[in-house]
Every structure is written in structure tokens, then in C-alpha cells.
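Welcome, and thanks for taking a look at this protein chain.

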Amino acid sequence: MKRIELNEQNLKLLGRTLHYEGRLLLSLSGTGVEFDYTGCGLDITLRAGSASEIPDNDANYARIAVYVDDTRVIDMQLSSSVTVLHIAKSDTVRTSRIRLIKLSEVAMSLACITQIEIGDDESVTPAPVSDLKIEFIGDSITCGYGVDDEDPLHPFKTATEDVTRAYAYKTAMQLGADYSMFSASGYGIISGYTDDPEKRNEPELIPPYYESMGLSHDSLPDMPDTRDIKWDFNRFRPDVVVINLGTNDDSFCQDDKNKQEEFTERYARFLKVVRGLNPDAHIFCILGLMGDRLYPSVCDAVAKYSAKTGDKRITTVHLTEQDGEVGYVSDYHPLESAHDIAVTELTESIRTTMGW
């Protein structure tokens, strides 16, 4: 067996997958690798974060999936610090498309690929890169929170979180685009989710961490805090950036006009940051899947930003709110069918605007 170099000459890196001292860091939702493999079977070794060292911790274990030729053959949580996956085993040499994706989010779970081993006479090549690229910036909806648990009374678990069943990943697949996601459950623009509108949730905000690999409560040995690892925006230049933020801010803002005005002001400020880091992208600001009370404030933020900067490459999209009579998943998050409605609405807007 031989180890292949974990680089872009051998592997297509998905999302903000990052080289770090010979390993590939998988922090954010949807990160991973995709490649074509010719041989009789390969091994992928994964190192899980410190959450894996705690027994019965399925609320926080990293969840990953492996696909062989678009069929999901592995779906598991990393409950051990080191896991070796045996993939595409065969009695004869054949070529397969391999895709490994981290299904769970950065806030609760981390993992890294430490090595990929193939036979001495076998080979890998990176999967093709799409001409179209989309970045999604969001919260639990983007992460696919609870989509595998259709009981709204159940709490969060990484075991039931699957980014591939949520609107963002599905929109990228529908458009044939490569994706990158920066999302975390409970996060907002001026406040993360709060049970008490008098208490602002300051730590759980997207803007302070957007230029990093995200805030995680997990950790990996011999690796810095993910907040301290900067992302190089030259590595992924999106044609489209989709921002889906405001659902958690609404728990703080409610109907308070002063709070809503603050949300508008800081959303507009964040738009300036996003534009500066993604100068070639058309920005889509969406809201509504879990409530639309702040959608007018999003529109106001876009108008304010555009008037001040002259930037017209920005579009708002109102998503249809999930139908509670149809059902919910854990913590009253959207069913996959509600995500699918959002996919249709967002895809249509992007195609119409971008000519895709």
C-alpha cells in the first residue's frame, strides 16, 4: 500500500477543506474530498475531535458519509478518536467516484483526514471542478439541523444533522455548482438564538468568524482553535453568495423597532464585508423558511447598502415558510420537503438572475 499526497493534484477539496500540516481539516458542514479511484480497495483514516473521547456523546460526534458512484455506502458518527474506512473493495480493478462529506456542523464537531492509502499500482485523480461556484452563509437551516429526526420535541444531535438533505447543498447540486458553506446552528447577525428577548446572545454571531474556519466547541490535537485559522478567499471564488441569516436574530428582535433597525444596520455592514471578500459574486439575501418577520429588515439592509455603495449585484429572495400542518423535524426545524420548496424558489431566482 502507498499513501497518496493529500493535495489538489489528487483530490478535489469540497468547501472550506483546509490543508494543515499534512492533514485535511474538516470543520464546516459539507467539507470533504471527491476523487476518482482505480483499484481494488482503499483505506481512509480519519481523526475525530475531542468530542469522540466522551462516551455516549452522539449529540456531538462528527457525522460523515462516504459515497461510491453516488451511492451512500457509509453513514456514521466518529465515536473513536481514529477510524479507518475500507472503501470500494473489489476482486477486480475498477474505477469509482469516491466522495467523503462531513454531514455535521463545525460548532459541535471536528474531524480531519490523516491519510489515504491505495495499492502500489493503483491511482487517484481529482473529480472534475465545476465552472459554477456558490457560497452559502447561514445558520441551522443551512446545516440541515435535525432533518433526520421527525419529532419536533427532540433536541439537537449531530446524529440527526445532514447537510446534504438541506436546501443549500441541494441547490448547488440542482445547479451543477461547486459549493462552500459557512454556517452554524443558532447564529445570527446581532444575536444568536435566545430564549429571552431581553438577553442578547453575543457569542453566536456569524460576522466575527466569517474569515476563519468557524467557532467550534470541539478541538483536534496539535491543531489551533478553528477561530484562529484564517480562510484564504482566493481558494474559492464564488459566482454567487447566498446569505440566509436573521432567523435567530428574530428571537432577540421580536417586534422591537430599535432592535430591527440595529439588525438592518449591521446586516448592511456585513454585506460590505462579504462584497470585499467576494468581489465577483452576485449576492442573494434570503429569509423566510422558519419565519419572515425580519425579511423587511433584510430588504432595508440591501437597499441601504446599495444606495451607499452603488452595488446593484444583490438580490433578495423571500422563501415560503414551512408548513407546520405537514410537520417539523427536531426543535421545529424544516422537513426535507420544506427544504425542497426552498430549493425550487432559490434555484429559480439564481437561474433567472445569473442566466444559468
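This is a predicted model: local features need pLDDT of at least 70, side-chain atom pairs count only at pLDDT 80 or more; totals for chains, interfaces and linings use all residues.

- As a general point, nonpolar side chains tend to be buried together in soluble globular proteins.

**The parallel sheet**

- An open sheet is formed by 5 strands in the order β14-β13-β15-β16-β17, and their pairing is parallel.
- At the edges lie β14 (178-183) and β17, each of which pairs on one side only.
- On average, neighbouring strands of this sheet are turned by 20 degrees against each other, direction ignored.
- Helix α2 (residues 167-175) packs on the sheet and touches β13 (133-138), β14, β15 and β16. The direction of α2 makes about 170 degrees with that of β13.
- Strand β15 (residues 240-244) runs parallel to β16, and 4 bridges join the two. Here Val240 stands opposite His282 in β16.

**Helices α4 and α5**

- Helix α4 has 21 residues and reaches 30 Å from its first C-alpha to its last, close to the 30 Å expected at 1.5 Å a residue.
- Buried residues of α4 include Phe263, Tyr267, Phe270, Leu271 and Val274. What covers the buried residues of α4 includes β13, β15, α3, β16, α5 and β17.
- Helix α5 (residues 295-309) has 15 residues and should span 21 Å at 1.5 Å a residue; its end C-alpha atoms are 21 Å apart, which agrees.
- In α5, the buried residues are Tyr295, Ser297, Val298, Ala301, Val302, Tyr305 and Ser306. They pack against α4 (257-277), β16 (282-287) and β17 (314-318).
- An α-helix has 3.6 residues a turn, so residues three or four places apart point the same way.
- Just after α5 comes Gly310, which takes a positive phi of about 80 degrees.

- Tyr179 belongs to strand β14. With a relative accessible area of 6%, Tyr179 counts as buried, because buried means under 20%.
- Although Tyr179 and Arg16 are 163 residues apart in sequence, their C-alpha atoms are 9.2 Å apart in space.
- Leaving aside neighbours within four places in sequence, Tyr179 is in contact with Leu14, Gly15, Gly30, Ile101, Ile134, Phe136, Tyr169, Ala172, Met173 and Phe236.

**Antiparallel strand pairs**

- Strand β5 (residues 32-39) is mostly covered, with 7 of its 8 residues buried.
- Strand β2 (residues 12-14) runs antiparallel to β5, joined by 3 bridges, and Leu13 stands opposite Val33 in β5.
- Between β5 and strand β10 (residues 94-102) there are 8 bridges, and the two run antiparallel. Tyr37 has Ser96 as its bridge partner in β10.
- Strand β12 (residues 123-126) is joined to β5 by 4 bridges, again antiparallel, and Asp36 stands opposite Thr125 in β12.
- Strand β6 (residues 42-48) and β9 run antiparallel, with 6 bridges joining them. In this pair, Leu42 stands opposite Ile87 in β9.

**The chain as a whole**

- The chain holds 6 helices and 17 strands.
- Its radius of gyration is 20 Å, close to the 21 Å that the globule rule gives for 356 residues, so the chain is as compact as a globular protein of that length.
- Taken along the principal axes, the C-alpha atoms fill a box of roughly 65 × 45 × 40 Å.
- Of the 356 residues in the chain, 59% are buried.
- Among contacts between residues at least 6 apart in sequence, 76% join residues at least 24 apart.

Technical notes
Residues are numbered from 1 along each chain as its sequence is written. Side-chain values use heavy atoms; hydrogens and water are left out. The expected span of a helix is 1.5 Å times one less than its number of residues. Buried means under 20% relative accessible area, exposed over 50%, partly exposed in between (1.4 Å probe, protein chains only). Contact means heavy atoms within 4.5 Å. Two strands pair if DSSP finds at least two bridges between them. Axes are lines fitted to C-alpha atoms, for helices over the stretch in contact, and angles run from 0 to 180 degrees between N-to-C directions. The radius of gyration is taken over C-alpha atoms; the globule rule is 2.2 Å times the number of residues to the power 0.38.
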